[in-house]
Amino acid sequence: FNSQGSVYELYAREVTQGAMFAFVEIGDISFGERSTLVLDPSDEKLKAEFNGVKRTYIPLHAVVRIDQF
């Protein structure tokens with residue numbers, strides 16, 4: 001998603017439309033999914049920014065793409 005001129009890439013176990021109109025609800029955010037051997041500085045930045053967050057709500061117009069693996 002886009003936020004304040006930056007593109008964020010999150011990995012989460014829960015992505016739903018949510019109860020708030022025009023928002024995507026993201027829960028159970030996970031970090032270090034791309035690689036467990038190499039420390040990614042962008043993952044560390046995301047960990048710091050989303051530390052303690054159980055759920056976040058992203059405006060629908062800010063979402064770039066959602067993939068399911």
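Visitor: Which residues make up the largest nonpolar core?

Guide: This is a predicted model, in which local features need pLDDT of at least 70, side-chain atom pairs count only at pLDDT 80 or more, and totals for chains, interfaces and linings use all residues. Residues are numbered from 1 along each chain as its sequence is written, and side-chain values use heavy atoms, with hydrogens and water left out. The largest nonpolar core has 10 residues: Phe1, Tyr8, Leu10, Val24, Ile26, Ile29, Leu46, Phe50, Ile58 and Ala62.

Visitor: What makes a set of residues a nonpolar core?

Guide: The set must consist of buried Ala, Val, Leu, Ile, Met, Phe, Trp, Tyr and Cys residues joined through side-chain atoms within 4.5 Å. In soluble globular proteins, nonpolar side chains tend to be buried together.

Visitor: How many salt bridges does the structure hold?

Guide: The structure holds five. A salt bridge is a side-chain nitrogen of Lys or Arg within 4 Å of a carboxyl oxygen of Asp or Glu.

Visitor: Why is the pairing of Asp28 with Arg13 called a salt bridge?

Guide: The closest N and O atoms of Asp28 and Arg13 are 3.7 Å apart, which is within 4 Å, so the pair counts as a salt bridge. Asp28 lies in strand β4 and Arg13 in strand β3 (residues 11-16), so the pair ties together parts that are 15 residues apart in sequence.

Visitor: Why is Arg13 called exposed?

Guide: Exposed means over 50% relative accessible area, buried under 20%, and partly exposed in between (1.4 Å probe, protein chains only). Arg13 has 57% relative accessibility, so Arg13 counts as exposed. Asp28, at 35%, counts as partly exposed.

Visitor: What links Arg55 and Glu25?

Guide: The side chains of Arg55 and Glu25 meet in a salt bridge, at 3.2 Å from N to O. Arg55 is in strand β5 (residues 55-59) and Glu25 in strand β4, 30 residues apart.

Visitor: Is Glu25 buried or exposed?

Guide: Glu25 has 14% relative accessibility, so Glu25 counts as buried. Arg55, with 38%, is partly exposed.

Visitor: Which residues are linked in a network of salt bridges?

Guide: Glu14, Glu25 and Arg55 are linked in such a network.

Notes
Helix = DSSP H or I, 4+ residues; strand = E, 2+ residues; numbered from the N terminus.
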